[in-house]
Amino acid sequence: MVCRDVGRGTQALIEASRGELAVAARALAHATSIGFITGFFVPRDGVAAPETDGPVGTALLAAALGACGVPVRIAVDSPCADAVRAAVHETGIEVGVDEVGVEDRPGIERVAAAWRAAGVSHAVAIERCGLSPDGRPRNMRGADVSPWTAPLDDLYTAGDWVRLGVGDGGNEIGMGKLPAGLIARTVPNGEKIACITSCDHLVVAGVSNWGAYGLMAALAVVHAPWSPVLSRFLTAERDHAITQAIVEKAGAVDGVTARNEPTVDGFPADVHAEVIDGLRRIAWGQAAD
């Protein structure tokens, strides 16, 4: 339902990571404290804003797990922080947000220390641009986005926590688990776009938010005590409301179209609703309310 190519040439990545959604969900079911990382900035065509994919799925998954009694927090760099805060606020669940400046390396160390002190057992990166082989974060067009991207890869790898990665293209944190040669996209000089930061469990989804929703549905199946709570958060209405909120309150844009509208990766709300309804039928035997 969520791990499928939506026209980006990612089928090889999906095949190479097949089965990881189930493994990742089972790992997450044992989490005692979770640190999330998200936020992907879009500087293109006169637009400079955080994208809608990532913060929405992260906020819903974090809020749902928080409501299940698992301590959660979200790390994000300053350019995407308002979008994450708006998304979290819309969930109605209090989730701590650790903001780091783009060039604030001491800030990364400070957050890493806070995560370790909080006993974070699992780190989950969702649609978070990671470092490429040349040491720079690059978007799917090959552009260097380091002026808007803190090296949160260093936070991701700063502890002995279990690392989960969710992405949809190859340049996101966690994708280093796959051979770089599988990445379909190339930068102008012909090199493959690939993040070198690896993970323990990797979910390659058609849209990264879908990967977060797939984890929610899978958790409902593998960890029944959480199922009723997760059901409250995985709804098409919540997905659209949060997307709308970050567009209106934080100026977020669609990462594919670069438009300030409540779409994600070029897909309107009804496409995401169809995915969510399908997940609900699988996990709970019912459509979204």
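The legends below describe close-up views of a predicted model. Residues are numbered from 1 along each chain as its sequence is written, local features need pLDDT of at least 70, and side-chain atom pairs count only at pLDDT 80 or more, while totals for chains, interfaces and linings use all residues. Side-chain values use heavy atoms, with hydrogens and water left out.

**View 1. Strand S6 (residues 122-126) is largely enclosed by the rest of the structure, because five of its five residues are buried.** Buried means under 20% relative accessible area, with exposed over 50% and partly exposed in between (1.4 Å probe, protein chains only), and strands (E, at least two residues) are DSSP runs, as are helices (H or I, at least four), numbered from the N terminus. His122, Val124 and Ile126 point one way from S6, whereas Ala123 and Ala125 point the other way.

**View 2. Strand S6 pairs with strand S7 (residues 162-167) in the parallel sense over five bridges.** Two strands pair if DSSP finds at least two bridges between them. Ala123 stands opposite Arg163 in S7. Strand S1 (residues 34-37) also runs parallel to S6, joined to it by four bridges, and Phe36 has Val124 as its bridge partner in S6.

**View 3. The lining of the second largest pocket has 14 nonpolar, three polar and two charged residues.** Here Ala, Val, Leu, Ile, Met, Phe, Trp, Tyr, Cys and Pro count as nonpolar, Asp, Glu, Lys and Arg as charged, and the others, Gly among them, as polar. Helix H7 gives the largest share of this lining, four residues.
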